[in-house]
Amino acid sequence: MNIENKMKDDNRRYGWRAFLLALFLIVMAMGFIVGCVLFWLRPTESVLEKRKLTEFPEFRVEEFVDGTYTSKISTWFADTFPFREELLTIQQKIKTYYGLQNDVVSAVGEGDDIPDIEDLIPPATEEPPEIQVPEESSPEIEVVPSESESESEPERETYESVDADELVKMNPQEAGDVNVKDLVGYCVYGFNLKGADKYAIHVSNVANALKGVSNTYEILIPDNSAIMLDDATKAEWRLSDEEKVLHYYQAKAASLSPYIKDVYIYDTLMEHNDEYLYFHTDHHWTQLGAYYAYVEFCKKKGIEPHELSEYKEVVTNDFLGSYYADYPQLADNPDTVHAYEPLTYNTMQFFDNDLKIMRDGVIVRDMNRFPNTLKYLGFIYGDNPLTIIDNPEVKNGETCIIIKESFGNAWIPFLTDHYQKIIVLDYRYYNSENESFMGNVVDLAKKEKAADVVFINNLEAISDSQIMDVMGNICK
Amino acid sequence: MVFSSLLFIFAFLAPQLFIYFIAKKTRTRNIILLVFSLIFYAWGGPQYLLLLTGEAFVSWYSAREIGRIQSKTLKKCWLVLECVILLLLLILFKYTGFILTNVQRFTGWPEAVPDIILPIGISFYTFQLISYVADVYRGEVQAQQAYWKVLLYCSLFHQCIAGPIVRYSTVENDIENRTITLDDFSAGVRRFSVGLAKKAILANGCGALADKFAPMAQGAVSSMPTLGLWFGMICYTLQIYLDFSAYSDMAIGMGRMVGFHYLENFNYPYIARSVQDFWRRWHISLSTFFRDYVYIPMGGNRKGAFRTYVNLFIVWFLTGMWHGASWNYILWGLYFFVFLALERLFLGKVLDKIWGIFGHIYALLVAVIGWVLFRFTDFSTLLEVLRGMFSFGGGRALWNQELISSCLNHVFFLAAALISVFPIGKKIRDGLLAAGHRKARHGLLGLVYFTDALTPVILILLSVLALIGNTYNPFLYFQF
């Protein structure tokens with residue numbers, strides 16, 4: 001290279017170096033301004049992750065000295081970075097380019113063996129059932145004598161108090177294994193015997209205690225993988241057979257109480273599994289899936305269900321549910337939410353955890369204005385500890401108490417037209433000792449003279465044994 | 001504070017560079033660097049500042065005395081005193097728990113082993129200060145008269161907590177007098193951004209795969225298929241290099257931005273042809289430290305074959321121990337001693353003669369298995385992993401759906417990680433530059449300069465996105 005060329009080259013190089021310098025300074029300056037100056041832009045909660053973000057730590061001398069305080073500031077700084085949600089969405093999109101295919105097998109089922117149900121013998125109706133204490137949980141369980149010594153009232157078991165909030169924080173992803181096939185997320189279900197037995201005990205305790213007062217119904221909702229997946233994939237992912245599991249739950253509960261009315265919805269969901277029963281991007285069922293469960297419930301209760309066509313339908317597009325948070329490729333297969341408003345009445349009261357008061361709400365809302373990851377919250381305002389629907393249009397004097405997790409939300413609107421009063425308890429958040437609330441399920445049912453008590457829960461959501469201890473707190 | 005965090009990049013580095021370049025004099029700039037370095041160090045717990053400043057004081061004073069006095073014996077005394085104080089502190093903070101746990105195992109005493117927290121960076125700055133005083137003793141560098149400059153040398157936030165172990169001679173001139181050119185600064189930015197991306201995007205991603213397929217829990221290991229364990233360990237092999245070398249890249253880059261020229265700490269270790277070659281390329285500042293301050297002072301290879309092997313044994317025992325207070329690190333160090341001894345005995349000659357690819361495969365295999373020893377501090381898990389990796393057909397599945405799915409879903413990501421572990425990008429860039437200069441092709445040169453200018457900023461932006469995702473924690477159930 002001659003001198004002239006070298007000078008030319010130097011100039012060009014310096015030009016580009018200066019360009020880099022300018023770009024670098026711009027990025028650093030912008031990062032500084034956004035991160036350190038525009039503090040009011042810092043978000044406090046994440047819609048995408050469905051959680052509250054880290055708060056700025058309180059100053060404590062001992063935490064400052066050992067470095068905990070500064071470490072908390074570092075977490076706060078990153079966790080509440082302005083435009084975090086938007087930047088995360090971009091990052092999620094980038095991750096879809098990491099590999100070749102969209103299908104993901106993140107886990108295979110590792111469920112317990114499902115015991116033979118022939119060993120479970122239902123008790124004779126006349127005699128009180130024997131107490132069943134799950135052996136593995138014995139240290140946690142405190143067996144208390146029933147309040148009444150009457151022979152007709154079977155003894156019940158109670159569990160030590162478990163702080164639901166703590167558990168939720170501690171164990172948020174207990175049920176989180178998800179695989180993706182053809183742009184649909186599927187729950188990887190593994191049967192948990194301990195959890196199943198505890199669930200059966202809670203339901204049977206309530207049913208036995210409410211004998212002659214209320215009917216106790218049990219509705220167990222299978223996962224989308226059980227209903228929508230082909231058998232080959234179920235086998236490949238080693239999923240526990242949910243049909244068999246449902247029979248076990250049924251038989252176990254029946255062996256503990258003759259008073260449980262089990263609403264078996266597996267067959268009807270299988271019959272309709274070519275329809276849109278579950279979301280693709282979310283772990284919940286659609287309201288259509290919930291409708292078929294409602295029809296089965298009505299059959300069991302002996303009332304006439306309404307036709308789906310009678311309801312006013314509200315349609316919302318572009319729903320990206322809980323699976324999307326982990327699998328951004330699902331954005332290419334967004335869901336549509338078909339919501340059905342109750343025929344007679346669409347107003348409810350619910351306990352707002354933030355405000356600590358009862359508030360008015362709408363049972364089925366138009367979700368078109370919701371952020372696209374939160375559209376399932378349009379049913380009974382999402383998960384609140386206590387929800388009450390007092391329907392002045394129904395005058396049959398019947399009250400129904402529902403114990404549910406989020407799967408129940410899409411199902412409850414259909415019941416609105418059949419009961420004068422519906423009381424919904426989300427067992428994960430409802431604290432029967434909270435003064436604002438109404439006591440435990442049994443006391444509440446007696447006080448309200450409830451015609452029906454319904455447990456409606458998803459198999460995956462109730463499979464965790466610790467979460468079942470939380471349910472035990474209100475089924476005393 | 002870690003380099004790969006938004007807080008460091010935007011709330012620390014950005015203002016540090018801004019204030020630094022407002023100042024014009026080297027002295028003022030040094031003071032700015034010192035203040036920022038002390039804040040950086042104090043961020044991990046201000047109580048340990050006392051240790052850092054104290055050790056720097058002992059070293060500064062000892063070196064000054066060594067430089068001042070004439071008596072060789074006294075000089076040696078000061079050197080020994082400094083080494084003893086610093087090493088005792090290192091042992092106290094790093095190895096007390098380990099020593100007492102082992103004593104307790106055999107004697108039952110003490111009843112409770114105290115839980116001593118390891119001060120950040122102590123392993124690095126202790127060695128830096130020892131090397132400084134030893135170099136003054138050997139007459140290789142002049143004793144620094146100003147205490148704060150010795151403190152600046154050992155506390156410089158670029159290298160204080162994760163290396164490289166910078167020798168005083170490397171930065172002696174830079175501390176007193178340095179100029180920063182545009183070429184220097186842009187090379188620094190480039191190096192920093194490459195390091196940041198290696199850590200934030202690649203190392204963290206490989207780490208997630210390693211955690212999944214080479215899990216730390218024994219129960220999870222026992223159900224992992226053979227190829228899953230291999231995949232997990234290969235991801236860990238990638239992760240540990242990308243992670244560690246990334247910190248050195250960022251340190252070298254940030255140093256260069258402000259006029260310091262640190263030596264290279266890694267030189268593509270996974271292209272090594274032998275274990276000896278691997279250790280010439282891996283954590284160079286540590287292996288040269290042990291060579292210059294332990295192996296050679298003990299006589300190196302000049303005192304006969306037996307002493308050479310004894311010296312090597314001691315060096316590799318210490319190298320293992322330096323990495324952590326646990327038997328598995330010592331085992332890891334001695335594992336390399338065995339291969340280095342074998343290479344010295346006969347294997348080296350064999351490797352020289354055979355086709356190069358076998359040497360590469362051998363060195364990589366030794367490294368991967370070495371990382372198994374390094375990763376698993378619990379011996380029964382470690383054995384379970386090794387058993388699993390070599391139990392072809394022994395009742396353990398060879399592969400499973402999760403493995404296939406993870407491989408396919410990360411194929412481009414893993415390709416990027418592999419490319420960054422080998423000198424492919426560097427060779428292409430050097431080749432283009434050489435061709436451009438040789439044939440005066442301005443287009444080629446322009447392409448290189450253009451890429452040089454854009455890549456760093458793109459890498460920083462991608463890293464920021466990845467770092468935002470670090471606190472990403474989607475709770476599937478039981479929320480809202």
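This is a predicted model: local features need pLDDT of at least 70, side-chain atom pairs count only at pLDDT 80 or more; totals for chains, interfaces and linings use all residues.
The interface between the two chains draws 66 residues from chain A and 59 residues from chain B. On the side of chain A that touches chain B, the elements giving two or more residues are helices H1 (3-37), H3 (68-79), H4 (84-95) and H12 (322-326) of chain A. Of these, H1(A) provides the largest share, 20 residues. Sorted by class, this side of chain A comprises 34 nonpolar, 16 polar and 16 charged residues.

Chain A itself is divided into domain 1, spanning 3-95, and domain 2, spanning 117-474. Their contact involves 6 residues from domain 1 of chain A and 5 residues from domain 2 of chain A. The domain 1 side of this contact consists of 2 nonpolar, 1 polar and 3 charged residues.

Chain B is likewise split into domain 1 (6-178) and domain 2 (185-415). A distance of 26 Å separates the C-alpha centres of these two domains of chain B. Domain 1 of chain B contributes 23 residues to the contact between them, and domain 2 of chain B contributes 20 residues. On the domain 1 side, at least two residues each are supplied by helix H1 (6-22), helix H4 (72-107), helix H5 (122-137) and helix H7 (168-176) of chain B. H5(B) gives the most to this side, with 5 residues. The class composition of the side of domain 1 of chain B that touches domain 2 of chain B is 13 nonpolar, 7 polar and 3 charged residues.

Notes:
Residues are numbered from 1 along each chain as its sequence is written. Chains are lettered from A and ligands numbered from 1 in the order in which they are written. Two residues are in contact if their C-beta atoms, placed from the backbone, lie within 7 Å. Helices (H or I, at least four residues) and strands (E, at least two) are DSSP runs, numbered from the N terminus. Ala, Val, Leu, Ile, Met, Phe, Trp, Tyr, Cys and Pro count as nonpolar, Asp, Glu, Lys and Arg as charged, and the others, Gly among them, as polar. Domain bounds come from an automatic or database domain assignment.
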